[in-house]
Amino acid sequence: MMLFSTSLWTIVKPEVFTAIADLEPLLHTEGEIVKSLGMYLELEEKRLESVRWLKKEYEKLYNSAIGDVDSFLSNPVNAYLLVKRLTTDWQTTGRLIEGTMSKAVIENITLQALKFPDDEDLKGAASALMRLQDTYLLDTTKLANGDISGTKPSTELSAGDCFELGRQAYEQDDYSHTVLWMQEALDRLEQEKIKTMSKHAILEHMARATYLLGNFKHARKLTQDIIISEPNYIPAYENLRFYDEQVSLQEESQGIVTSETTVYIEQPDTSFRDYERLCRGERIRSLAEESKLFCKYTTGGSFYLLIQPVKVEILSLDPWIVMYHDILSDEDANFFRDLAQPMLKRAKVQNPRSGLLEPASFRVSKCTWLSDDIHPRISYASRMLQEITGLSVTTAEDLHIINYGIGGHYEPHYDFKMPGDVDGSAFEANGNRLATWIYYLSDVDAGGATVFPDIGVQMIPKKGSAGFWYNLRRSGDGDLQTKHAGCPVLAGSKWIANKWIHEKDQEYRRPCSLSPFE
């Protein structure tokens, strides 16, 4: 409006000094300026009100974080909010601030070497929340309230925050989650004094998702609700005609008028379902199976461990899966993390068909590799592995440090190379991965277990402990029972260090068998 008034003032420029009569139209001009300035002030006040609200939202999140950063970041809702505030919300803030002085404030922030997340980070944070929601059967409203067991409560999500989760789900063709989060956004919008999202945007996304799930009638009803609440929103009328046509075609094809369309959602396979059950802490083995398991002290046949044997917890007899406890000090665990952190990069895995390294869609983490010659503590960790297991580490891979982020996980997989997979350099020179060793470098507040879905084994992360199992049977064939997964981290941060031991140089330490059954 200010631009319009200025344009009027500069373009319409009669010679008003030549006659009194020419002054009369200026009263009209002045009246228009008064109205324009009034409209400008009204808009400016609304804008400033929005800026004040955004400042409070940033302030609220920041103040709840600075008291206890670790507890704050351990809640995935807080982590999502932090990413969202610095992506879409920050873009909104920039658009709201327009004056010359205001622009200088924004430019000052932009010119500083500050770290900002990008849209890919926001997408990842949203996906992580929905992954946690599914795996741990979290209620949408409780999750939006930041109420997650084992974590410090977070700031509640606004309608706009919930809408963004639903929008991200829609962009990823996840229409079930779209409907859940759009409904939550709608419910919260009704309670908001300052609206963080438009009602028609929520209903429109919900209608599209509902339609794509096969429920044409409900999509039509939601579109009718848009027209009732915002009759001037023209696209809703076009959408309504489309849904009317789809409902008619559906009814004609069925030959009858039905009330609602039943949506059948494909169920996950048994192995994946057991993976999720184990992640939730459910037991799927019988008491008879678990009664055969026990704990003991062992030297692993090493003279080095005679004075101080290690604690071993047997989790499975076949395949052999164990956890060794209290074998890595807190000081060493923290040192490994500090050493690795500056070198962390997004995790990649080898494509078994092409042999190329690619970012893993099923692993959400960052990682790096630490060789034994980097520091004596790293070589000591390899020596401990060798003394306890009796296996040689001369052909083992470097220590693989991994940090799992928001909802970080690794879906069910095998560590050994399957027949037909392309060999990597380590496999070509040293044979298949005979065994896996995992140092746990941190405790995890909730979630993050290593689970074996086909045999019901659950390995709970414990700082200073290590998990171990054989990937190959004595015949040299891969043991299909060793399919395992890293459960999503529900609360906290998960740090681990993998060490993969290869077949070469193990000939006399773990002799092969000619029997295909061993």
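# Reading the packing, one feature at a time

Reader: Let's start with Leu137: is that residue buried or exposed?
Author: Exposed, since its relative accessible area is 60%. Buried means under 20% relative accessible area, exposed means over 50%, and partly exposed lies in between, using a 1.4 Å probe and protein chains only. Keep in mind that this is a predicted model, where local features need pLDDT of at least 70 and side-chain atom pairs count only at pLDDT 80 or more, while totals for chains, interfaces and linings use all residues. Residues are numbered from 1 along each chain as its sequence is written, and side-chain values use heavy atoms, with hydrogens and water left out.

Reader: Where does Leu137 sit, and what is its phi near?
Author: Most residues other than glycine have a negative phi, and most peptide bonds are trans. Leu137, in the loop between H7 and H8, has a positive phi, near 50°, although it isn't a glycine. Asp505 also has a positive phi, near 75°. You'll find Asp505 in the segment after strand E17 (494-502), where it counts as partly exposed because its relative accessibility is 33%.

Reader: And which peptide bond is cis?
Author: Look at the one from Asp318 to Pro319, with omega near 5°. Pro319 belongs to the loop between strand E2 (310-316) and strand E3 (321-325).

Reader: How do I read two helices packing, say H4 and H7? At what angle do they cross?
Author: For H4 (residues 76-85) and H7 (residues 119-135), the axes cross at roughly 160° and come within 9 Å. So H4 is roughly antiparallel to H7. The cut-offs are under 35 degrees for roughly parallel, over 145 for roughly antiparallel, 65 to 115 for roughly perpendicular, and oblique for the rest. The H4 crossing of H7 is left-handed, a word used when the near helix is turned anticlockwise from the far one by less than a right angle (clockwise is right-handed).

Reader: Which residues of H4 and H7 make the contact?
Author: H4 brings Pro76, Val77, Tyr80, Val83 and Lys84, and H7 brings Asp121, Leu122, Ala125, Ala126, Leu129 and Leu132. Sorted by class, that's nine nonpolar, no polar and two charged residues. Ala, Val, Leu, Ile, Met, Phe, Trp, Tyr, Cys and Pro count as nonpolar, Asp, Glu, Lys and Arg as charged, and the others, Gly among them, as polar.

Reader: How do H9 and H10 pack?
Author: H9 (residues 159-171) and H10 (residues 175-189) have axes 8 Å apart, at an angle of about 165°. They are therefore roughly antiparallel to each other, and their crossing is left-handed. By class, their contact has 11 nonpolar, three polar and three charged residues.

Reader: What about Ser158, buried or exposed?
Author: Buried, because its relative accessibility is 11%. Ser158 is in the loop between helix H8 (140-144) and H9. Not counting residues up to four places away in sequence, Ser158 touches Arg188, Glu192 and Thr196.

Reader: Last one: which residues of helix H16 are buried?
Author: In H16 (residues 330-340) they are Asp332, Ala333, Phe336 and Ala340. They sit on the same side of H16 because they cover an arc of only 105° around the axis, judged by the directions from the helix axis to the C-beta atoms. Turned away from that buried side is a face with the exposed residues Glu331 and Asp338. The cover over the buried residues includes strand E7 (365-370), helix H17 (376-389) and strand E8 (399-404).

Technical notes. Axes are lines fitted to C-alpha atoms, for helices over the stretch in contact, and angles run from 0 to 180 degrees between N-to-C directions. Helices (H or I, at least four residues) and strands (E, at least two) are DSSP runs, numbered from the N terminus. Contact means heavy atoms within 4.5 Å.
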